[in-house]
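Dear colleague,

I am handing over the structure below, and my notes on it follow. Please read them with the model open beside you.

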Amino acid sequence: MGFTAFLKRLAVPVCTGGFMVAGTTVLGLCTVYTDAAIVALIGGGCLVRELIGFAKYNGKEKLHGKTVVITGCNTGIGFETAKDLALRGGRIIMACRDMEKCEAAAKEIKDVTGNSNVLCKRLDLSSFDSVRTFCEDFNKNETRLDLLINNAGVMMCPKLLTQDGLEMQIGTNHFGHFLLTNLLLDKLKASSPSRIVVLSSRAHTRCKQISFDDINSEKSYDRMKAYAQSKLANVLHVKELAKRLEGQ
Ligand SMILES: NC(=O)c1ccc[n+]([C@@H]2O[C@H](COP(=O)([O-])OP(=O)(O)OC[C@H]3O[C@@H](n4cnc5c(N)ncnc54)[C@H](OP(=O)(O)O)[C@@H]3O)[C@@H](O)[C@H]2O)c1
């Protein structure tokens with residue numbers, strides 16, 4: 001199985017809640033994006049199958065020579081993803097906001113996988129300055145980007161604002177990742193075939209539309225609604241990316 005086909009199948013190990021994939025693509029294969037409803041079904045299905053024990057992806061694909069950026073991967077789904085991809089030999093850039101936690105997680109991954117090519121870089125998605133600094137450093141020092149996984153997320157937090165004055169959940173989950181993706185796009189295109197994976201959630205179905213007249217939930221704040229809106233924004237972002245990047 002080739003690298004592109006492997007990336008399509010990455011769905012299985014990482015999908016416990018929902019994910020979306022956009023390709024900057026290549027090799028005559030169609031750009032992949034999964035319809036939100038299907039994603040939710042797959043997510044639920046994977047979880048059930050995982051529970052009864054036969055959902056594990058056992059593909060042996062390797063990632064030697066490939067560079068992967070994963071946001072918020074010192075714990076949770078991101079950590080497991082980083083570990084799996086490190087095991088496959090990729091150069092893993094762990095983009096996390098807390099360097100102490102990141103270093104501890106990176107050490108564990110290196111110890112378990114034997115892959116020493118696992119790096120920690122500071123990225124706070126609730127700060128556009130931090131996103132810009134991360135990308136500036138990445139674009140200057142890294143030669144390629146094969147896989148960007150927008151995983152980090154804040155879930156149902158109390159009402160807070162990002163450094164730039166945005167409601168925290170949409171600011172971090174969507175706008176931070178939106179800026180990150182745009183600033184890394186040239187590198188992704190130059191490394192084609194490459195992929196962008198965006199972690200959404202079944203919770204996005206609870207939001208029927210983006211509140212453009214109150215995107216920061218200033219009129220009224222409901223932590224679940226704000227989370228759902230941020231996850232709908234993730235879905236819309238990746239679907240639009242898939243459309244715009246088709247054939248590139
Ligand atoms: N778990 C589920 O059942 C589920 C279901 C559906 C969708 N998802 C989605 O899957 C993704 C991962 O979920 P998870 O359950 O693995 O979450 P998690 O265990 O809570 O981990 C979230 C990660 O995001 C990081 N993060 C939070 N704010 C950040 C910021 N401003 N800048 C950089 N990193 C930040 C956290 O860093 P710290 O450790 O420093 O806080 C942590 O590493 C999320 O996008 C979530 O919406 C999860």
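Helices (H or I, at least four residues) and strands (E, at least two) are DSSP runs, numbered from the N terminus. Residues are numbered from 1 along each chain as its sequence is written. This is a predicted model, in which local features need pLDDT of at least 70 and side-chain atom pairs count only at pLDDT 80 or more, whereas totals for chains, interfaces and linings use all residues.

The protein chain contains eight helices and six strands, and from the N terminus on its elements follow the order α-α-β-α-β-α-β-α-β-α-β-α-β-α. Of its 248 residues, 45% count as buried; a residue is buried if 20 or more other C-beta atoms lie within 10 Å of its own, exposed if 12 or fewer, and partly exposed in between, with C-beta atoms placed from the backbone. Two residues are in contact if their C-beta atoms, placed from the backbone, lie within 7 Å, and among the contacts in the protein chain with a separation of 6 or more, 74% come from residues 24 or more positions apart.

Helix α4 (residues 76-87) packs against helix α5 (residues 99-113) at an angle of about 35°, and their axes are 9 Å apart. Here axes are lines fitted to C-alpha atoms, for helices over the stretch in contact, and angles run from 0 to 180 degrees between N-to-C directions. The contact brings Phe79, Ala82, Lys83, Ala86 and Leu87 of α4 together with Ala105, Ile109, Val112 and Thr113 of α5. These residues divide into seven nonpolar, one polar and one charged, where Ala, Val, Leu, Ile, Met, Phe, Trp, Tyr, Cys and Pro count as nonpolar, Asp, Glu, Lys and Arg as charged, and the others, Gly among them, as polar.

Ala82, which lies in helix α4, counts as buried because it has 27 C-beta neighbours inside 10 Å. Leaving aside neighbours within four places in sequence, Ala82 is in contact with Ile70, Cys73, Ile92, Met94 and Ile109.

Helix α6 (residues 128-141) has 14 residues and reaches 20 Å from its first C-alpha to its last, close to the 20 Å expected at 1.5 Å a residue; the expected span is 1.5 Å times one less than the number of residues. Val131, Phe134, Cys135 and Phe138 are buried in α6. They lie on the same side of α6 because they cover an arc of only 95° around the axis, the arc being that of the directions from the helix axis to the C-beta atoms. On the other side of α6, Asp129, Glu136, Lys140 and Asn141 are exposed. The cover over the buried residues of α6 includes β3 (91-96), β4 (118-122) and α7 (168-190).

Some backbone details in the loops also deserve a look. Most residues other than glycine have a negative phi, and most peptide bonds are trans. Met156, in the loop between β5 (147-150) and α7, has a positive phi near 55°, and counts as partly exposed because it has 13 C-beta neighbours inside 10 Å. Ser217, in the loop between β6 and α8 (223-245), has a positive phi near 50°. The peptide bond from Ser192 to Pro193 is cis, with omega near 10°, and Pro193 is found in the loop between α7 and β6 (195-199).

Best wishes
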